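Dear colleague,

I am passing on a structure for you to look through, and below it I have written out what was found. Please keep the model open beside the text as you read.

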Amino acid sequence: MVTLALALVMGLGSATVDRAAEQNVRGDFRGAEAVSRHAVAETPNDPWAYYNLAIALAAAGREEEAMNRYEQTLRLVPDHDLARQNLAIIQAARAERDADRLAAANQLDEAGERYTSALTLDPNR
């Protein structure tokens, strides 16, 4: 699961951004998504609006959308460590699933490469 550490950063954005962060922390990801979409529209240059939306999307299993929002966060703040970490976690999970599929198809060299990629992206796997 994507890290929620520091999802709640009060005072750095609009009240809408703060409310989205609070909903993510409470586990109300559907509500956080709706509020985050509003926050992105309200404050399109606020990286926390995109970050909170990414958390909600990742929790809903919408990895591609979540990755896009983490990447948007990183375009706004290239050294946003939490966005970078959470993006890597999703990418690693995808690489691991690819590796599992390849291993099941007895494509072991390719599977090994994908497992290595997953561990490079997320050494905690």
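Helix 3 is followed by glycine 61, whose phi is positive, near 80°. This is a predicted model, in which local features need pLDDT of at least 70 and side-chain atom pairs count only at pLDDT 80 or more, while totals for chains, interfaces and linings use all residues. Residues are numbered from 1 along each chain as its sequence is written, and side-chain values use heavy atoms, with hydrogens and water left out.

Helices here are DSSP runs of H or I with at least four residues, numbered from the N terminus. The expected span of a helix is 1.5 Å times one less than its number of residues, so the 13 residues of helix 3 (residues 47-59) should span 18 Å, and this agrees with its end C-alpha atoms, which are 18 Å apart.

At the N-terminal end, helix 3 is capped by aspartate 46, which has a side-chain oxygen 2.8 Å from the backbone nitrogen of tryptophan 48. Twelve of the 13 residues of helix 3 are buried (under 20% relative accessible area, with a 1.4 Å probe and protein chains only), among them Trp48, Tyr50 and Tyr51. The elements that cover these buried residues include helix 1 (15-26), helix 2 (29-42), helix 4 (63-76) and helix 5 (81-104).

Glutamate 96 lies in helix 5 and is partly exposed, with a relative accessible area of 28%, where partly exposed means between the buried limit of 20% and the exposed limit of 50%. Leaving aside neighbours within four places in sequence, glutamate 96 is in contact (heavy atoms within 4.5 Å) with Tyr115, Ala118 and Arg125.

With best wishes

Conventions
Helix = DSSP H or I, 4+ residues; strand = E, 2+ residues; numbered from the N terminus. Polar contact = N/O pair within 3.5 Å; in protein donor to acceptor, adjacent residues only side chain to side chain.
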